[in-house]
Amino acid sequence: MDIVQASNLVKRYLVGEQQVTAIRNANFNIKQGSFVSFVGPSGSGKSTLLNMIGGLDKPSDGKLLINNTDISTLNRKQAAKFRGEHIGFIFQDFNLIPVLTVAENIEYPLLMVQNWPLAKRQQRVKTLMEAVGIAEQANKFPSQLSGGQKQRVAVARALASQAKLVLADEPTANLDHQTAFRIIDLMKQMRDDFGTTFIFSTHDNKIMNAAESLFILEDGEISEHRQTATEGERA
Ligand code: ADP
Ligand code: ADP
């Protein structure tokens, strides 16, 4: 089953009087359980595509179905509910809540979006912290963590809600290679364990080859869909 179906997708922004076409005419499908990456230089449209898939931004034209639902037809409240139930985000700047601890940040979607009971939340948070190797930092605040540790919290939070689709915008930017691959491996593990679909963007050649297939973006167009032959070389 395809969890993402995009046909003739277009996104234009108005910048002053000037119209910028961020996505020109994108056609692609992504299967449930895939591990794919959007690759391209800065400004090629990666974030715009991820934001549209995540329902944070509306297409200007064309059709985009997520889990067979056209999110752009939903009202704000319905769209927020849909995102909470189906989509996890990992943003480049992590977007952790500074006044909440590691454990509370991970618990947040379970409480606010899913409204899980306390005991179930605590169990799930514990499992996730152990899975991403951040359990020892449970009671620390984001400001007390390293970049790699913050990134692990962001991954755990995205996975907390058991979203079927996780979108990650440059999830390994600013991380050293070892940490970057640890994050990628963790995401892949979650895919293998839970069938989660991961779409991540990157302009890093080594990271992109960790994906099973790449959508290459050039100036707002998908110029190529390439299967990676093997797992990326990790030199
Ligand atoms: P990437 O993620 O590959 O760096 P983006 O999707 O951020 O690319 O940007 C694609 C193009 O769309 C760029 O020309 C960028 O300046 C433009 N763009 C992106 N977001 C906005 C916005 N909110 N308003 C105006 N222009 C935007
Ligand atoms: P930074 O983001 O500053 O590079 P790291 O994320 O690499 O920090 O982690 C800091 C320390 O924690 C390192 O010494 C690293 O070896 C250790 N570490 C990181 N992840 C794990 C893990 N999953 N299991 C055990 N030790 C870890």
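Which element gives the most residues to the shell around ligand 2? In this predicted model, helix H5 does, with 4 residues.

## Shell around ligand 2

The residues surrounding ligand 2 are Ser146, Gly147, Gly148, Gln149, Arg152, Asp176, Thr179 and Arg182. By class, 5 of the shell residues are polar and 3 are charged, and there is no nonpolar residue.

An oxygen atom of ligand 2 lies 2.6 Å from a backbone N or O atom of Gly148.

Ligand 2 taken alone exposes 550 Å², of which the protein buries 44%. Two or more residues of the shell come from each of helix H5 (147-160) and helix H6 (177-194).

## Overall fold

The protein contains 7 helices and 9 strands. Its radius of gyration is 17 Å, close to the 18 Å that the globule rule gives for 235 residues, so the protein is as compact as a globular protein of that length. The C-alpha trace spans about 45 × 45 × 40 Å along its principal axes.

## Burial, contacts and surface

Of the 235 residues in the protein, 49% are buried. Among contacts with a separation of 6 or more, 68% are between residues 24 or more positions apart. The protein exposes about 11600 Å², and carbon and sulfur atoms supply 47% of that area.

Note on methods: Residues are numbered from 1 along each chain as its sequence is written. Chains are lettered from A and ligands numbered from 1 in the order in which they are written. This is a predicted model: local features need pLDDT of at least 70, side-chain atom pairs count only at pLDDT 80 or more; totals for chains, interfaces and linings use all residues. Side-chain values use heavy atoms; hydrogens and water are left out. A residue is near a molecule or strand if one of its heavy atoms lies within 4 Å of it. A polar contact is a pair of N or O atoms within 3.5 Å; within protein, one must be able to donate a hydrogen and the other to accept it, and residues adjacent in sequence count only if both atoms are side-chain atoms. Accessible areas come from the Shrake-Rupley method with a 1.4 Å probe; for residues, only the protein chains shown count as cover. Ala, Val, Leu, Ile, Met, Phe, Trp, Tyr, Cys and Pro count as nonpolar, Asp, Glu, Lys and Arg as charged, and the others, Gly among them, as polar. The radius of gyration is taken over C-alpha atoms; the globule rule is 2.2 Å times the number of residues to the power 0.38. Buried means under 20% relative accessible area, exposed over 50%, partly exposed in between (1.4 Å probe, protein chains only). Contact means heavy atoms within 4.5 Å.
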